[in-house]
Amino acid sequence: MFEQIKHNMETISGIEIYPILSLLIFFFFFVGLGFWVFSYKKEKIQEMSEIPLDEGYSIISKDNLK
C-alpha cells in the first residue's frame with residue numbers, strides 16, 4: 001500500500017514544495033508563539049494567576065438560584 005502511495009506522490013509535479021511549506025508554517029507558528037509568551041507582561045500574568053484565589057469573584061451556579 002505504501003508503495004502505491006509513494007508512486008502516486010512521485011508522479012505529481014510540484015509535490016516537493018508541500019513538506020517545505022508545512023515545516024515553515026510549523027516553525028514560524030512556534031517561533032511566534034514563543035515570542036508572544038516571552039513578551040507577555042508579567043503584571044498581566046500575575047493578575048490572571050490570582051483570579052482563582054480572589055474572593056471578590058463568585059461563581060453563580062444553578063443550585064444557588066433555587
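**Entry 1: Ile-20**

I started with Ile-20, which counts as partly exposed because its relative accessibility is 47%. The cut-offs matter here: buried means under 20% and exposed means over 50%, so 47% falls in between. I noted that the model is predicted. Ile-20 sits in helix α2, which covers residues 17–39.

I then looked for the surface around Ile-20. Ile-20 belongs to a nonpolar surface patch of about 910 Å². I listed the other members as Ile-17, Tyr-18, Leu-21, Leu-24, Ile-25, Phe-27, Phe-28 and Val-31.

**Entry 2: the fold and the record**

I went through the secondary structure next. I found three helices and zero strands. Read from the N terminus, the order is α-α-α.

I checked UniProt for annotations. An unreviewed entry there lists residues 17–38 as "transmembrane region". I looked at how the model draws that span. Residues 17–38 are 100% helix and 0% strand.

**Entry 3: confidence**

I looked up pLDDT before going further. The protein averages 83, and 83% of the residues score at least 70. Which element has the highest mean pLDDT, and which the lowest? Helix α2 has the highest, at 95. Helix α1, residues 2–11, has the lowest, at 81.

**Entry 4: surface**

How much of the protein counts as buried? I read 0% of the 66 residues. The accessible surface comes to about 7,000 Å². Carbon and sulfur atoms hold 68% of that surface.

**Entry 5: aromatic rings**

I counted the aromatic pairs and got four. One of them joins Phe-29 and Phe-30. Their ring centres are 5.0 Å apart and the planes stand at 85°. I logged the pair as edge-to-face because the angle is over 60 degrees.

I checked both partners for exposure. Phe-29 is exposed because its relative accessible area is 51%, over the 50% cut-off. Phe-30 is at 43% relative accessibility, so Phe-30 counts as partly exposed.

Another pair is Trp-36 with Tyr-40, also edge-to-face. I noted 5.2 Å from centre to centre and 65° between the planes. Tyr-40 has a relative accessible area of 26%, so Tyr-40 is partly exposed.

I also looked for groups of rings. Phe-26, Phe-29 and Phe-30 form one aromatic cluster.

**Entry 6: the salt bridge**

How many salt bridges does the structure hold? I found one. The side chains of Glu-47 and Lys-44 meet at 3.9 Å, N to O. That distance counts as a salt bridge because the cut-off is 4 Å. Side chains of opposite charge can pair when their charged atoms come close.

Glu-47 is partly exposed because its relative accessibility is 48%. Lys-44 is also partly exposed, with a relative accessible area of 35%.

Note on methods:
Residues numbered from 1 in each chain as written. Predicted model: local features only at pLDDT ≥ 70, side-chain atom pairs only at ≥ 80, totals over all residues. Heavy atoms only, no water. UniProt positions renumbered as here; feature names shortened; annotations may be inferred. Helix = DSSP H or I, 4+ residues; strand = E, 2+ residues; numbered from the N terminus. Buried < 20%, exposed > 50% of the residue type's maximum accessible area, 1.4 Å probe, protein only. Areas by Shrake-Rupley, 256 points an atom, 1.4 Å probe, with all protein chains shown as cover. Patch = residues over 30% accessible without salt bridge, like charges linked within 9 Å, V, L, I, M, F, W, Y side chains within 5 Å. Phe/Tyr/Trp six-rings, centres within 6.5 Å; stacked < 30°, edge-to-face > 60°. pLDDT = per-residue confidence, 0-100.
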